[in-house]
Amino acid sequence: MKKDDKFLHFLASHAKNYGFVFPSSEIYGGINSIYDYGQYGVELKNNIKEYWWKSMTLLHENIVGLDSSILMHPDIWKASGHIEKFNELLIDNKDSKKRYKPELLIHKRINYLFDKYNHKKKKDEILYRMYKSLKRNDLLDIRLLIDELNISDPICGSKNWTNIRLFNMMFKIPEKKLDLFLRPETAQGIFSNFSNVKKSGRMKIPFGIAQIGKSFRNEIVARQFIFRMREFEQMEMQFFILPEEEKKWYEYWKKIRLKWHLEFKLGKDKYKLKNHINLAHYSSSGTDIEFNFPFGFKEIEGIHSRRDFDLKRHGFFSKKKLRFFVDHFPSKNYIPYVIETSLGLDRLFLAIFSSSLKIEKLENGKERVVLKIPPYLSPIKAGIFPLVSKNGLPEIAKKIFNEIKIDHKLIYDQKESIGKLYRRQDAIGTPICFTIDYDTIENNTVTMRHRDTMKQKRVHITKISEEIEKETGLKNILRKLSNDLVN
Ligand code: GAP
(Lines give C-alpha, C1' and ligand atoms only; values in the text may rest on other atoms or scores of the structure.)
Protein backbone atom coordinates (compact mmCIF):
# COMPACT_ATOMS: atom_id res chain seq x y z
CA MET A 1 0.00 0.00 0.00
CA LYS A 2 1.31 3.50 -0.92
CA LYS A 3 2.15 5.88 1.98
CA ASP A 4 -0.77 8.21 1.12
CA ASP A 5 -3.22 5.31 0.87
CA LYS A 6 -1.96 3.97 4.18
CA PHE A 7 -2.60 7.31 5.89
CA LEU A 8 -6.06 7.62 4.31
CA HIS A 9 -6.86 4.13 5.53
CA PHE A 10 -5.69 5.06 9.04
CA LEU A 11 -7.76 8.25 8.85
CA ALA A 12 -10.94 6.44 7.76
CA SER A 13 -10.58 3.78 10.44
CA HIS A 14 -9.88 6.39 13.15
CA ALA A 15 -12.94 8.33 11.96
CA LYS A 16 -15.05 5.19 12.23
CA ASN A 17 -13.67 3.81 15.49
CA TYR A 18 -14.04 7.14 17.30
CA GLY A 19 -17.53 8.07 16.05
CA PHE A 20 -16.71 10.70 13.42
CA VAL A 21 -17.60 9.15 10.04
CA PHE A 22 -19.30 5.83 9.26
CA PRO A 23 -19.83 4.23 5.84
CA SER A 24 -23.53 4.69 5.06
CA SER A 25 -25.82 1.63 5.25
CA GLU A 26 -22.90 -0.45 6.49
CA ILE A 27 -25.06 -3.26 7.86
CA TYR A 28 -26.22 -3.84 4.25
CA GLY A 29 -22.70 -3.81 2.84
CA GLY A 30 -22.41 -0.03 2.44
CA ILE A 31 -23.08 2.17 -0.56
CA ASN A 32 -20.40 3.71 -2.73
CA SER A 33 -19.26 7.23 -1.76
CA ILE A 34 -22.00 7.98 0.75
CA TYR A 35 -21.12 8.48 4.40
CA ASP A 36 -22.83 9.18 7.72
CA TYR A 37 -21.44 11.42 10.44
CA GLY A 38 -21.30 9.87 13.93
CA GLN A 39 -21.71 11.40 17.38
CA TYR A 40 -18.45 13.40 17.30
CA GLY A 41 -18.49 13.96 13.53
CA VAL A 42 -21.81 15.77 13.68
CA GLU A 43 -20.56 18.02 16.51
CA LEU A 44 -17.41 18.89 14.54
CA LYS A 45 -19.47 19.51 11.41
CA ASN A 46 -21.95 21.72 13.31
CA ASN A 47 -19.08 23.71 14.81
CA ILE A 48 -17.58 24.28 11.35
CA LYS A 49 -20.99 25.37 10.06
CA GLU A 50 -21.52 27.75 12.98
CA TYR A 51 -18.08 29.26 12.39
CA TRP A 52 -18.71 29.79 8.66
CA TRP A 53 -22.26 31.06 9.21
CA LYS A 54 -21.18 33.60 11.84
CA SER A 55 -18.17 34.65 9.76
CA MET A 56 -20.56 35.46 6.91
CA THR A 57 -23.68 36.80 8.61
CA LEU A 58 -22.26 38.45 11.76
CA LEU A 59 -19.02 39.88 10.44
CA HIS A 60 -20.57 41.27 7.25
CA GLU A 61 -23.59 43.41 8.04
CA ASN A 62 -24.72 43.23 4.40
CA ILE A 63 -24.85 39.40 4.24
CA VAL A 64 -28.06 37.61 5.24
CA GLY A 65 -28.89 33.91 5.45
CA LEU A 66 -31.30 31.63 3.62
CA ASP A 67 -32.47 28.03 3.82
CA SER A 68 -34.05 27.09 0.50
CA SER A 69 -35.53 23.72 -0.46
CA ILE A 70 -33.56 20.91 -2.07
CA LEU A 71 -36.30 20.15 -4.60
CA MET A 72 -37.23 23.08 -6.81
CA HIS A 73 -39.23 23.76 -9.94
CA PRO A 74 -37.51 21.89 -12.81
CA ASP A 75 -37.39 25.07 -14.92
CA ILE A 76 -34.77 26.35 -12.46
CA TRP A 77 -32.37 23.74 -13.84
CA LYS A 78 -33.23 24.67 -17.42
CA ALA A 79 -32.52 28.31 -16.66
CA SER A 80 -29.34 27.58 -14.72
CA GLY A 81 -28.00 25.52 -17.63
CA HIS A 82 -27.57 22.40 -15.50
CA ILE A 83 -29.84 20.22 -17.64
CA GLU A 84 -27.96 21.10 -20.79
CA LYS A 85 -24.42 21.65 -19.52
CA PHE A 86 -23.81 19.98 -16.15
CA ASN A 87 -22.20 17.00 -17.81
CA GLU A 88 -19.12 14.91 -17.30
CA LEU A 89 -17.30 12.80 -19.82
CA LEU A 90 -17.02 9.13 -19.09
CA ILE A 91 -15.28 6.15 -20.58
CA ASP A 92 -15.67 2.48 -19.63
CA ASN A 93 -13.11 -0.25 -19.85
CA LYS A 94 -14.80 -3.27 -21.40
CA ASP A 95 -12.59 -5.77 -19.55
CA SER A 96 -12.41 -4.35 -16.02
CA LYS A 97 -15.98 -2.92 -16.32
CA LYS A 98 -14.65 0.15 -14.49
CA ARG A 99 -15.75 3.69 -15.35
CA TYR A 100 -13.30 6.60 -15.58
CA LYS A 101 -13.14 10.32 -16.36
CA PRO A 102 -11.03 10.51 -19.57
CA GLU A 103 -9.50 13.87 -18.54
CA LEU A 104 -8.15 12.28 -15.35
CA LEU A 105 -6.68 9.33 -17.27
CA ILE A 106 -4.97 11.77 -19.65
CA HIS A 107 -3.66 13.96 -16.82
CA LYS A 108 -2.23 10.97 -14.98
CA ARG A 109 -0.59 9.60 -18.13
CA ILE A 110 1.08 12.85 -19.19
CA ASN A 111 2.31 13.47 -15.65
CA TYR A 112 3.90 10.03 -15.78
CA LEU A 113 5.32 10.44 -19.28
CA PHE A 114 6.62 13.99 -19.16
CA ASP A 115 7.26 15.10 -15.56
CA LYS A 116 10.16 12.70 -15.12
CA TYR A 117 12.10 14.26 -18.02
CA ASN A 118 10.73 17.77 -17.46
CA HIS A 119 9.11 17.88 -20.93
CA LYS A 120 6.85 20.78 -19.99
CA LYS A 121 6.32 21.97 -23.57
CA LYS A 122 5.02 18.59 -24.77
CA LYS A 123 2.78 18.30 -21.70
CA ASP A 124 1.33 21.78 -22.24
CA GLU A 125 0.64 20.99 -25.90
CA ILE A 126 -1.43 17.95 -24.96
CA LEU A 127 -3.24 19.82 -22.19
CA TYR A 128 -4.04 22.64 -24.63
CA ARG A 129 -5.44 20.15 -27.13
CA MET A 130 -7.47 18.39 -24.44
CA TYR A 131 -9.03 21.60 -23.07
CA LYS A 132 -9.77 22.84 -26.60
CA SER A 133 -11.56 19.58 -27.40
CA LEU A 134 -13.40 19.66 -24.08
CA LYS A 135 -14.63 23.16 -24.86
CA ARG A 136 -15.89 22.08 -28.29
CA ASN A 137 -17.32 18.84 -26.87
CA ASP A 138 -15.13 17.02 -29.38
CA LEU A 139 -15.43 13.59 -27.77
CA LEU A 140 -13.78 11.89 -30.74
CA ASP A 141 -10.55 13.83 -30.31
CA ILE A 142 -10.41 13.01 -26.58
CA ARG A 143 -10.89 9.35 -27.49
CA LEU A 144 -8.03 9.66 -30.00
CA LEU A 145 -5.81 11.10 -27.27
CA ILE A 146 -6.50 8.04 -25.11
CA ASP A 147 -5.20 5.84 -27.96
CA GLU A 148 -2.30 8.09 -28.94
CA LEU A 149 -1.05 8.22 -25.35
CA ASN A 150 -1.42 4.45 -25.11
CA ILE A 151 -3.49 4.68 -21.95
CA SER A 152 -4.42 1.45 -20.22
CA ASP A 153 -6.82 0.65 -17.40
CA PRO A 154 -5.04 1.39 -14.08
CA ILE A 155 -6.52 -1.77 -12.56
CA CYS A 156 -6.22 -4.48 -15.22
CA GLY A 157 -3.93 -2.89 -17.84
CA SER A 158 -6.45 -3.42 -20.68
CA LYS A 159 -6.75 -0.93 -23.55
CA ASN A 160 -10.18 -2.17 -24.53
CA TRP A 161 -12.05 1.15 -24.18
CA THR A 162 -15.59 2.16 -25.11
CA ASN A 163 -16.37 5.43 -26.86
CA ILE A 164 -16.54 8.54 -24.70
CA ARG A 165 -20.01 9.64 -23.62
CA LEU A 166 -21.54 12.66 -21.92
CA PHE A 167 -23.29 12.02 -18.66
CA ASN A 168 -25.53 14.48 -16.74
CA MET A 169 -24.54 14.61 -13.10
CA MET A 170 -27.92 15.53 -11.61
CA PHE A 171 -30.02 12.90 -9.86
CA LYS A 172 -33.46 12.84 -11.44
CA ILE A 173 -36.67 11.91 -9.60
CA PRO A 174 -39.24 11.03 -12.24
CA GLU A 175 -42.68 12.49 -11.43
CA LYS A 176 -46.03 12.22 -13.24
CA LYS A 177 -46.15 15.83 -14.41
CA LEU A 178 -42.64 17.25 -13.99
CA ASP A 179 -39.33 15.51 -13.44
CA LEU A 180 -37.72 16.75 -10.23
CA PHE A 181 -33.98 16.98 -9.62
CA LEU A 182 -31.92 16.83 -6.43
CA ARG A 183 -30.06 20.14 -6.48
CA PRO A 184 -26.40 19.89 -7.53
CA GLU A 185 -25.55 23.27 -5.93
CA THR A 186 -27.33 25.35 -3.28
CA ALA A 187 -26.73 28.54 -5.29
CA GLN A 188 -29.89 28.28 -7.42
CA GLY A 189 -32.07 28.51 -4.29
CA ILE A 190 -30.36 31.83 -3.64
CA PHE A 191 -30.87 33.17 -7.19
CA SER A 192 -34.51 32.13 -7.28
CA ASN A 193 -35.10 33.95 -3.96
CA PHE A 194 -33.13 37.04 -4.97
CA SER A 195 -36.27 39.23 -5.31
CA ASN A 196 -37.85 37.92 -2.10
CA VAL A 197 -34.75 38.69 -0.03
CA LYS A 198 -34.14 42.01 -1.78
CA LYS A 199 -37.70 43.24 -1.16
CA SER A 200 -38.34 41.77 2.31
CA GLY A 201 -34.93 42.82 3.61
CA ARG A 202 -34.84 46.21 1.80
CA MET A 203 -31.39 45.20 0.61
CA LYS A 204 -29.11 47.61 -1.20
CA ILE A 205 -26.29 46.63 -3.55
CA PRO A 206 -23.76 45.34 -2.61
CA PHE A 207 -25.25 42.58 -0.48
CA GLY A 208 -24.82 38.84 -0.03
CA ILE A 209 -27.00 35.80 0.65
CA ALA A 210 -25.41 32.87 2.46
CA GLN A 211 -26.71 29.32 2.63
CA ILE A 212 -25.60 25.95 4.01
CA GLY A 213 -27.21 22.81 2.67
CA LYS A 214 -27.08 19.44 0.98
CA SER A 215 -26.19 19.05 -2.67
CA PHE A 216 -26.19 15.92 -4.78
CA ARG A 217 -24.10 14.87 -7.77
CA ASN A 218 -23.92 11.56 -9.52
CA GLU A 219 -20.12 11.52 -9.47
CA ILE A 220 -18.42 9.06 -11.82
CA VAL A 221 -15.21 8.80 -9.88
CA ALA A 222 -16.29 9.13 -6.28
CA ARG A 223 -13.39 8.00 -4.14
CA GLN A 224 -10.91 9.32 -1.58
CA PHE A 225 -13.09 8.93 1.50
CA ILE A 226 -15.35 11.98 2.02
CA PHE A 227 -13.55 14.12 -0.59
CA ARG A 228 -15.87 13.35 -3.49
CA MET A 229 -19.30 12.15 -2.51
CA ARG A 230 -22.66 11.82 -4.17
CA GLU A 231 -24.45 13.50 -1.25
CA PHE A 232 -22.53 16.34 0.38
CA GLU A 233 -22.96 19.75 1.97
CA GLN A 234 -22.02 23.15 0.59
CA MET A 235 -21.59 26.50 2.31
CA GLU A 236 -22.22 29.05 -0.42
CA MET A 237 -22.53 32.81 -0.54
CA GLN A 238 -23.64 34.86 -3.54
CA PHE A 239 -22.58 38.50 -3.37
CA PHE A 240 -24.64 40.84 -5.60
CA ILE A 241 -22.72 43.85 -6.92
CA LEU A 242 -22.65 46.67 -9.46
CA PRO A 243 -21.37 45.25 -12.78
CA GLU A 244 -18.52 47.77 -12.92
CA GLU A 245 -17.24 46.58 -9.52
CA GLU A 246 -16.70 42.97 -10.63
CA LYS A 247 -12.92 43.00 -10.41
CA LYS A 248 -12.84 44.78 -7.04
CA TRP A 249 -15.19 42.32 -5.32
CA TYR A 250 -13.69 39.25 -7.01
CA GLU A 251 -10.25 40.19 -5.62
CA TYR A 252 -11.79 41.10 -2.24
CA TRP A 253 -13.49 37.74 -1.79
CA LYS A 254 -10.42 35.78 -2.91
CA LYS A 255 -8.40 37.56 -0.24
CA ILE A 256 -11.01 37.26 2.52
CA ARG A 257 -11.70 33.60 1.91
CA LEU A 258 -8.02 32.61 1.89
CA LYS A 259 -7.50 34.57 5.10
CA TRP A 260 -10.44 32.73 6.66
CA HIS A 261 -8.89 29.35 5.83
CA LEU A 262 -5.46 30.38 7.13
CA GLU A 263 -7.03 31.17 10.51
CA PHE A 264 -7.35 27.39 11.14
CA LYS A 265 -3.55 27.42 11.41
CA LEU A 266 -3.20 24.14 9.54
CA GLY A 267 -0.11 25.51 7.78
CA LYS A 268 0.22 28.29 5.19
CA ASP A 269 2.01 25.94 2.77
CA LYS A 270 -1.09 23.71 2.70
CA TYR A 271 -2.99 26.20 0.54
CA LYS A 272 -2.64 27.25 -3.10
CA LEU A 273 -4.74 29.52 -5.30
CA LYS A 274 -5.36 28.10 -8.76
CA ASN A 275 -7.03 29.97 -11.58
CA HIS A 276 -9.57 27.95 -13.57
CA ILE A 277 -8.63 27.11 -17.14
CA ASN A 278 -11.74 25.07 -17.80
CA LEU A 279 -14.53 27.33 -16.50
CA ALA A 280 -17.96 26.09 -15.39
CA HIS A 281 -20.74 27.05 -17.82
CA TYR A 282 -21.96 29.90 -15.54
CA SER A 283 -18.58 31.34 -14.67
CA SER A 284 -16.62 34.14 -16.37
CA SER A 285 -13.60 33.79 -14.09
CA GLY A 286 -12.85 31.41 -11.27
CA THR A 287 -10.19 30.59 -8.70
CA ASP A 288 -9.92 27.50 -6.57
CA ILE A 289 -8.50 27.52 -3.10
CA GLU A 290 -6.66 24.22 -3.11
CA PHE A 291 -5.70 22.30 0.01
CA ASN A 292 -2.96 19.73 0.40
CA PHE A 293 -5.09 16.67 1.26
CA PRO A 294 -3.40 13.32 2.04
CA PHE A 295 -3.63 12.59 -1.71
CA GLY A 296 -2.24 15.98 -2.86
CA PHE A 297 -3.49 19.49 -3.67
CA LYS A 298 -7.19 19.54 -4.56
CA GLU A 299 -10.01 22.08 -4.61
CA ILE A 300 -11.62 22.89 -1.28
CA GLU A 301 -13.42 26.14 -2.21
CA GLY A 302 -14.25 27.92 -5.45
CA ILE A 303 -14.55 31.68 -5.90
CA HIS A 304 -16.32 32.54 -9.15
CA SER A 305 -17.53 35.59 -10.94
CA ARG A 306 -20.94 34.45 -12.27
CA ARG A 307 -21.60 37.96 -13.63
CA ASP A 308 -25.33 38.26 -14.48
CA PHE A 309 -25.54 34.74 -15.97
CA ASP A 310 -28.00 33.31 -13.44
CA LEU A 311 -30.24 36.32 -12.77
CA LYS A 312 -30.48 37.07 -16.50
CA ARG A 313 -31.46 33.48 -17.31
CA HIS A 314 -33.96 33.27 -14.43
CA GLY A 315 -35.41 36.60 -15.55
CA PHE A 316 -35.83 35.22 -19.06
CA PHE A 317 -37.23 31.78 -18.09
CA SER A 318 -39.55 33.04 -15.31
CA LYS A 319 -40.52 36.26 -17.15
CA LYS A 320 -39.95 38.18 -13.88
CA LYS A 321 -37.82 41.31 -13.63
CA LEU A 322 -34.76 40.50 -11.53
CA ARG A 323 -33.29 43.97 -11.77
CA PHE A 324 -32.13 46.84 -9.63
CA PHE A 325 -32.91 50.48 -10.15
CA VAL A 326 -30.15 53.04 -9.86
CA ASP A 327 -31.17 55.08 -6.80
CA HIS A 328 -30.58 58.55 -8.16
CA PHE A 329 -31.62 57.67 -11.71
CA PRO A 330 -34.99 55.79 -11.56
CA SER A 331 -35.28 55.33 -15.31
CA LYS A 332 -32.06 53.29 -15.37
CA ASN A 333 -31.90 49.72 -14.22
CA TYR A 334 -29.40 46.89 -14.35
CA ILE A 335 -28.98 43.22 -13.51
CA PRO A 336 -26.47 42.86 -10.67
CA TYR A 337 -23.32 40.83 -11.14
CA VAL A 338 -22.54 38.04 -8.69
CA ILE A 339 -19.35 36.94 -6.98
CA GLU A 340 -19.78 33.48 -5.49
CA THR A 341 -17.83 31.78 -2.73
CA SER A 342 -18.56 28.05 -2.61
CA LEU A 343 -17.03 25.82 0.05
CA GLY A 344 -17.53 22.08 0.50
CA LEU A 345 -18.27 21.36 4.14
CA ASP A 346 -17.19 17.72 3.94
CA ARG A 347 -13.93 18.70 2.23
CA LEU A 348 -13.23 21.24 4.96
CA PHE A 349 -13.99 18.55 7.54
CA LEU A 350 -11.51 16.24 5.80
CA ALA A 351 -8.87 19.00 5.56
CA ILE A 352 -9.11 19.77 9.28
CA PHE A 353 -9.37 16.14 10.35
CA SER A 354 -6.50 14.89 8.18
CA SER A 355 -4.07 17.67 9.11
CA SER A 356 -4.85 17.43 12.80
CA LEU A 357 -4.56 13.70 13.34
CA LYS A 358 -1.09 12.92 14.70
CA ILE A 359 0.75 9.97 16.13
CA GLU A 360 3.19 11.28 18.72
CA LYS A 361 6.07 9.50 20.43
CA LEU A 362 5.97 9.99 24.21
CA GLU A 363 8.93 10.27 26.56
CA ASN A 364 8.21 6.81 27.97
CA GLY A 365 8.63 5.32 24.47
CA LYS A 366 4.90 4.75 23.99
CA GLU A 367 2.76 6.46 21.34
CA ARG A 368 -0.37 8.53 21.58
CA VAL A 369 -2.89 9.35 18.84
CA VAL A 370 -4.02 12.94 19.17
CA LEU A 371 -6.43 15.02 17.11
CA LYS A 372 -5.03 18.54 17.36
CA ILE A 373 -8.02 20.34 15.85
CA PRO A 374 -8.58 24.04 16.52
CA PRO A 375 -10.14 24.04 20.04
CA TYR A 376 -13.17 26.15 18.99
CA LEU A 377 -14.13 23.35 16.56
CA SER A 378 -13.64 20.42 18.94
CA PRO A 379 -16.71 18.19 19.28
CA ILE A 380 -16.23 18.12 23.05
CA LYS A 381 -14.81 21.22 24.69
CA ALA A 382 -13.79 19.65 28.01
CA GLY A 383 -13.78 16.39 29.91
CA ILE A 384 -14.79 16.25 33.59
CA PHE A 385 -13.49 13.15 35.39
CA PRO A 386 -13.22 11.90 38.96
CA LEU A 387 -9.72 10.51 39.66
CA VAL A 388 -11.32 7.36 41.10
CA SER A 389 -14.92 6.21 41.12
CA LYS A 390 -15.29 6.18 44.91
CA ASN A 391 -14.91 8.27 48.09
CA GLY A 392 -17.34 10.99 46.94
CA LEU A 393 -15.23 12.12 43.93
CA PRO A 394 -17.82 11.08 41.26
CA GLU A 395 -20.50 13.10 43.08
CA ILE A 396 -18.37 16.27 43.07
CA ALA A 397 -17.43 15.73 39.40
CA LYS A 398 -21.06 15.19 38.41
CA LYS A 399 -22.11 18.35 40.26
CA ILE A 400 -19.50 20.42 38.40
CA PHE A 401 -20.55 18.79 35.12
CA ASN A 402 -24.25 19.57 35.68
CA GLU A 403 -23.54 23.17 36.62
CA ILE A 404 -21.64 24.06 33.42
CA LYS A 405 -23.02 21.63 30.81
CA ILE A 406 -25.42 24.29 29.47
CA ASP A 407 -22.52 26.62 28.64
CA HIS A 408 -20.13 24.16 26.99
CA LYS A 409 -20.28 20.75 25.32
CA LEU A 410 -18.74 18.50 27.98
CA ILE A 411 -18.15 14.84 28.62
CA TYR A 412 -18.32 13.06 31.97
CA ASP A 413 -16.57 9.72 32.25
CA GLN A 414 -15.44 7.40 35.01
CA LYS A 415 -15.31 4.09 33.17
CA GLU A 416 -11.51 3.76 32.96
CA SER A 417 -8.28 4.88 34.61
CA ILE A 418 -7.49 8.58 34.29
CA GLY A 419 -4.61 7.87 31.83
CA LYS A 420 -6.94 5.97 29.51
CA LEU A 421 -9.61 8.66 29.80
CA TYR A 422 -7.05 11.31 28.74
CA ARG A 423 -5.94 9.18 25.74
CA ARG A 424 -9.51 8.75 24.58
CA GLN A 425 -10.11 12.52 24.74
CA ASP A 426 -6.81 13.13 22.89
CA ALA A 427 -8.05 10.87 20.11
CA ILE A 428 -11.30 12.82 19.66
CA GLY A 429 -9.61 16.22 20.02
CA THR A 430 -10.92 17.44 23.41
CA PRO A 431 -8.68 20.43 24.19
CA ILE A 432 -8.81 20.28 28.02
CA CYS A 433 -9.75 17.86 30.78
CA PHE A 434 -10.47 18.55 34.45
CA THR A 435 -9.82 15.90 37.07
CA ILE A 436 -11.44 15.94 40.47
CA ASP A 437 -9.16 14.40 43.11
CA TYR A 438 -8.68 14.32 46.88
CA ASP A 439 -7.26 17.87 46.88
CA THR A 440 -10.57 19.06 45.46
CA ILE A 441 -12.24 18.04 48.73
CA GLU A 442 -9.60 19.98 50.67
CA ASN A 443 -9.28 23.21 48.66
CA ASN A 444 -11.85 23.23 45.81
CA THR A 445 -9.20 23.04 43.09
CA VAL A 446 -9.02 20.57 40.19
CA THR A 447 -6.30 19.46 37.75
CA MET A 448 -6.59 21.06 34.32
CA ARG A 449 -4.77 19.09 31.62
CA HIS A 450 -4.04 20.37 28.09
CA ARG A 451 -4.43 18.11 25.04
CA ASP A 452 -1.51 19.50 23.02
CA THR A 453 1.17 19.98 25.67
CA MET A 454 -0.18 17.44 28.20
CA LYS A 455 0.84 20.03 30.82
CA GLN A 456 -1.23 20.26 33.98
CA LYS A 457 -2.10 23.05 36.42
CA ARG A 458 -4.49 23.51 39.33
CA VAL A 459 -7.53 25.75 38.91
CA HIS A 460 -10.34 26.67 41.30
CA ILE A 461 -13.68 24.99 40.53
CA THR A 462 -15.34 28.39 40.16
CA LYS A 463 -12.93 29.16 37.28
CA ILE A 464 -13.57 26.02 35.19
CA SER A 465 -16.22 27.53 32.92
CA GLU A 466 -14.11 30.65 32.38
CA GLU A 467 -11.05 28.54 31.49
CA ILE A 468 -13.08 26.54 28.95
CA GLU A 469 -14.36 29.74 27.33
CA LYS A 470 -10.86 31.20 27.22
CA GLU A 471 -9.41 28.08 25.58
CA THR A 472 -12.23 27.11 23.22
CA GLY A 473 -14.56 30.10 22.71
CA LEU A 474 -15.51 30.84 19.13
CA LYS A 475 -15.95 34.51 20.01
CA ASN A 476 -12.18 35.04 20.35
CA ILE A 477 -11.50 33.90 16.82
CA LEU A 478 -14.48 35.80 15.37
CA ARG A 479 -13.29 38.96 17.09
CA LYS A 480 -9.86 38.54 15.50
CA LEU A 481 -11.39 38.00 12.06
CA SER A 482 -13.62 41.02 12.57
CA ASN A 483 -10.60 43.21 13.39
CA ASP A 484 -8.83 41.87 10.28
CA LEU A 485 -11.82 42.87 8.15
CA VAL A 486 -11.81 46.42 9.49
CA ASN A 487 -8.03 46.84 9.02
N1 GAP B 1 -22.11 26.76 -6.85
C2 GAP B 1 -20.82 26.53 -7.40
C3 GAP B 1 -20.36 25.16 -7.24
O4 GAP B 1 -21.10 24.28 -6.85
P5 GAP B 1 -18.22 23.66 -7.48
O6 GAP B 1 -16.79 24.07 -7.70
O7 GAP B 1 -18.80 22.65 -8.39
O8 GAP B 1 -19.04 25.02 -7.55
C9 GAP B 1 -18.11 24.00 -4.92
O10 GAP B 1 -18.42 23.17 -6.00
C11 GAP B 1 -17.48 23.22 -3.80
O12 GAP B 1 -18.33 22.13 -3.42
C13 GAP B 1 -16.16 22.56 -4.17
O14 GAP B 1 -15.08 23.45 -3.99
C15 GAP B 1 -16.09 21.40 -3.21
O16 GAP B 1 -15.55 21.82 -1.97
C17 GAP B 1 -17.55 21.03 -3.00
N18 GAP B 1 -17.90 19.83 -3.79
C19 GAP B 1 -18.21 19.78 -5.10
N20 GAP B 1 -18.50 18.52 -5.48
C21 GAP B 1 -18.34 17.75 -4.37
C22 GAP B 1 -18.49 16.35 -4.11
N23 GAP B 1 -18.88 15.50 -5.05
N24 GAP B 1 -18.25 15.90 -2.85
C25 GAP B 1 -17.88 16.75 -1.88
N26 GAP B 1 -17.74 18.08 -2.06
C27 GAP B 1 -17.96 18.58 -3.29
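Modeller: Strands (E, at least two residues) and helices (H or I, at least four) are DSSP runs numbered from the N terminus. This is a predicted model, in which local features need pLDDT of at least 70 and side-chain atom pairs count only at pLDDT 80 or more, while totals for chains, interfaces and linings use all residues. Residues are numbered from 1 along each chain as its sequence is written, and side-chain values use heavy atoms, with hydrogens and water left out.

Colleague: How many bridges join E17 to E18?

Modeller: Five bridges join strand E17 (residues 357–361) to strand E18 (residues 367–371), and the two run antiparallel; two strands pair if DSSP finds at least two bridges between them. Leu357 stands opposite Leu371 of E18.

Colleague: What is Glu367 in contact with?

Modeller: Glu367 lies in strand E18 and, leaving aside neighbours within four places in sequence, is in contact (heavy atoms within 4.5 Å) with Ile359, Glu360, Lys361 and Leu362. With Lys361 there is a polar contact between side chains, at 3.4 Å. A polar contact is a pair of N or O atoms within 3.5 Å; within protein, one must be able to donate a hydrogen and the other to accept it, and residues adjacent in sequence count only if both atoms are side-chain atoms.

Colleague: Which side chain does Lys49 make a polar contact with?

Modeller: Lys49, placed in helix H2 (residues 39–57), makes a polar contact through its side chain with the side chain of Glu233, at 3.0 Å. Not counting residues up to four places away in sequence, Lys49 touches Ile212, Glu233, Met235 and Leu345.

Colleague: Changing topic, how many aromatic pairs are there?

Modeller: The structure holds 28 aromatic pairs. Rings of Phe, Tyr and Trp (its six-membered ring) pair if their centres lie within 6.5 Å, with planes under 30 degrees apart counted as stacked, over 60 as edge-to-face and the rest as tilted. One of the pairs is Tyr37 with Phe349, which is edge-to-face at 5.0 Å centre to centre and 70° between the planes. Tyr37 lies in strand E2 (residues 35–37) and Phe349 in helix H12 (residues 345–356), so this pair ties together parts that are 312 residues apart in sequence.

Colleague: Are those two buried or exposed?

Modeller: Tyr37 and Phe349 are both buried; buried means under 20% relative accessible area, exposed over 50%, and partly exposed in between (1.4 Å probe, protein chains only). Another edge-to-face pair is Tyr100 with Trp161, at 5.8 Å centre to centre and 80° between the planes. Tyr100 lies in strand E5 (residues 99–100) and Trp161 in the loop between helix H7 (139–148) and strand E6 (165–168), so that pair ties together parts 61 residues apart in sequence. Tyr100 and Trp161 are both buried.

Colleague: Which rings are linked into a cluster?

Modeller: Phe20, Tyr37, Tyr40, Phe349 and Phe353 are linked into a cluster by ring pairs.

Colleague: You mentioned E5, so which sheet order does it have?

Modeller: E5 belongs to an open sheet of three strands, in the order E5-E4-E6 with antiparallel pairing. E5 and E6 stand at the edges with a single partner strand each, so one side of each is left without a neighbour in the sheet. Two bridges join E5 to strand E4 (residues 87–92), and Ile91 stands opposite Tyr100. Helix H5 (residues 102–115) packs on this sheet, touching E4 and E5, and its direction makes about 70° with that of E4. Such angles run from 0 to 180 degrees between N-to-C directions, with axes as lines fitted to C-alpha atoms, for helices over the stretch in contact.

Colleague: And what order has the sheet of five strands?

Modeller: That open sheet has the order E20-E19-E21-E22-E23, with mixed pairing. Strand E20 (410–412) and strand E23 (456–460) are at its edges, each with a single partner strand, so one side of each is left without a neighbour in the sheet. The twist averages 25° from one strand to the next. Four bridges join strand E21 (residues 432–436) to strand E22 (residues 445–450), which run antiparallel, and Thr435 stands opposite Thr447 in E22.

Colleague: Where is Gln425 found?

Modeller: Gln425 is found in helix H14 and, at 2% relative accessibility, counts as buried.
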